[in-house]
Amino acid sequence: MGNPGTFKRGLLFSALSYLGFETYQVISQAAVVHATAKVEEILEQADYLYESGETEKLYRLLISYKESEDAELLWRLARASRDIAQLSRTSEEEKKRLVYEALEYAKRALEKNESSFAAHKWYAICISDVGDYEGIKVKIANAYIIKEHFEKAIELNPKDATSIHLMGIWCYTFAEMPWYQRKIAKMLFATPPNSTYEEALSYFHRAEQVDPNFYSKNLLLLGKTYLKIQNRKLAAFWLLKAKDYPAHTEEDKQIQTEAAQLLTSFSVKN
């Protein structure tokens, strides 16, 4: 039968090995749960700061997690970086750095989770921003990529008014594209990107249906698009809403000013 002592020692070693493995699993699972809870806590803080308009505090919170592998953290960091870049007091040099960093964070978020509508949305926004530094050819060349990611964001979350609004901006941009840019587009694509003001309106209205009064810029663009198609009465209706929109951010204040200027530039025929 062999040496009973050896057998017992082997049995004891096997039992300890099993216990060690089970303990490792429990500790590993506990670490994952703790890490998940920590990420959720950070996201909760981040969302509170974002809703409160605490742009700089939000950036300081999230930048310390820039090496994170979590897509939800990364796309929020991309958004926060961009928001800091948009502040009027941010220098041009700093703005450029933040714009490129935002794209990198958004790209990593998308790599970590291709099913995240927000990752698609912010990746498209950041590509568009970078185009401002790389010239009109690059900006136009990226047009289809941007559109593809906005459309994917809407597909993944049809209730996200911002993604729908951004598709409206895409349409508006190509509807009003000047002739020289159209010429460049024709050189870059067999079928260059194009759209109409009517298509832009359909997205802006759809965004309002999903989430009424969610964004002052959507109201402004509804007014501006109606101006483009010579419907002054509806233009005035939406511009007035944009002018009266409560200003929570620097952008809201800028939009109030623009809406007021547009309203004084024409009279509505009743």
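Leaving out neighbours within four places in sequence, Leu 227 touches Arg 232, Ala 235, Leu 239, Leu 262 and Phe 266, where contact means heavy atoms within 4.5 Å. This is a predicted model, in which local features need pLDDT of at least 70 and side-chain atom pairs count only at pLDDT 80 or more, while totals for chains, interfaces and linings use all residues. Residues are numbered from 1 along each chain as its sequence is written, and side-chain values use heavy atoms, with hydrogens and water left out.

Leu 227 sits in helix H11 (residues 216-228). Helices here are DSSP runs of H or I with at least four residues, strands are E runs of at least two, and both are numbered from the N terminus. With a relative accessibility of 23%, Leu 227 counts as partly exposed; on this scale buried means under 20% relative accessible area, exposed means over 50%, and partly exposed is in between (1.4 Å probe, protein chains only).

Of its 270 residues, 39% count as buried. Looking at contacts with a separation of 6 or more, 61% of them join residues 24 or more positions apart.

Now for how the helices pack. Two packed helices are described by the angle between their axes and the distance between the axes. Axes are lines fitted to C-alpha atoms, for helices over the stretch in contact, and angles run from 0 to 180 degrees between N-to-C directions. The axes of H11 and helix H12 (residues 232-243) come within 7 Å and cross at roughly 160°. H11 and H12 are therefore roughly antiparallel; angles over 145 degrees get that label, those under 35 count as roughly parallel, 65 to 115 as roughly perpendicular and the rest as oblique. H11 passes H12 in a left-handed crossing, which is the name used if the near helix is turned anticlockwise from the far one by less than a right angle, with right-handed used if it is turned clockwise. On the H11 side, the residues involved include Leu 219, Leu 220, Tyr 226 and Leu 227, and they meet H12 residues including Arg 232, Ala 235, Trp 238 and Leu 239. Sorted by class, this contact has ten nonpolar, two polar and three charged residues. Ala, Val, Leu, Ile, Met, Phe, Trp, Tyr, Cys and Pro count as nonpolar, Asp, Glu, Lys and Arg as charged, and the others, Gly among them, as polar.

Asn 213, in the loop between H10 and H11, has a positive phi of about 60° although it is not a glycine. Gln 230, in the loop between H11 and H12, has a positive phi of about 65° and is not a glycine either. Asn 213 is partly exposed at 36% relative accessible area, whereas Gln 230 is exposed at 61%.

Another helix pair is H7 (residues 143-156) and H8 (residues 161-175), whose axes come within 9 Å and cross at roughly 150°. That makes H7 roughly antiparallel to H8, and their crossing is left-handed. Among the residues making the contact are Ile 146, Phe 150 and Ile 154 of H7, along with Leu 166, Met 167 and Trp 170 of H8. By class, the contact comes to ten nonpolar, one polar and two charged residues.

Some of these names return in the largest nonpolar core. A nonpolar core is a set of buried Ala, Val, Leu, Ile, Met, Phe, Trp, Tyr and Cys residues joined through side-chain atoms within 4.5 Å. The largest one has 77 residues, and Leu 62, Phe 150, Met 167 and Trp 170 touch the most other members. Not counting residues up to four places away in sequence, Phe 150 touches Lys 121, Ala 124, Ile 125, Leu 166 and Met 167.

Finally, there is the pair of helix H3 (residues 71-86) and helix H4 (residues 92-112), with axes that come within 8 Å and cross at roughly 165°. That makes H3 roughly antiparallel to H4, and the crossing is left-handed. Residues including Leu 74, Trp 75 and Arg 82 in H3 meet residues including Leu 98, Val 99 and Tyr 105 in H4. This contact divides into 13 nonpolar, one polar and four charged residues.
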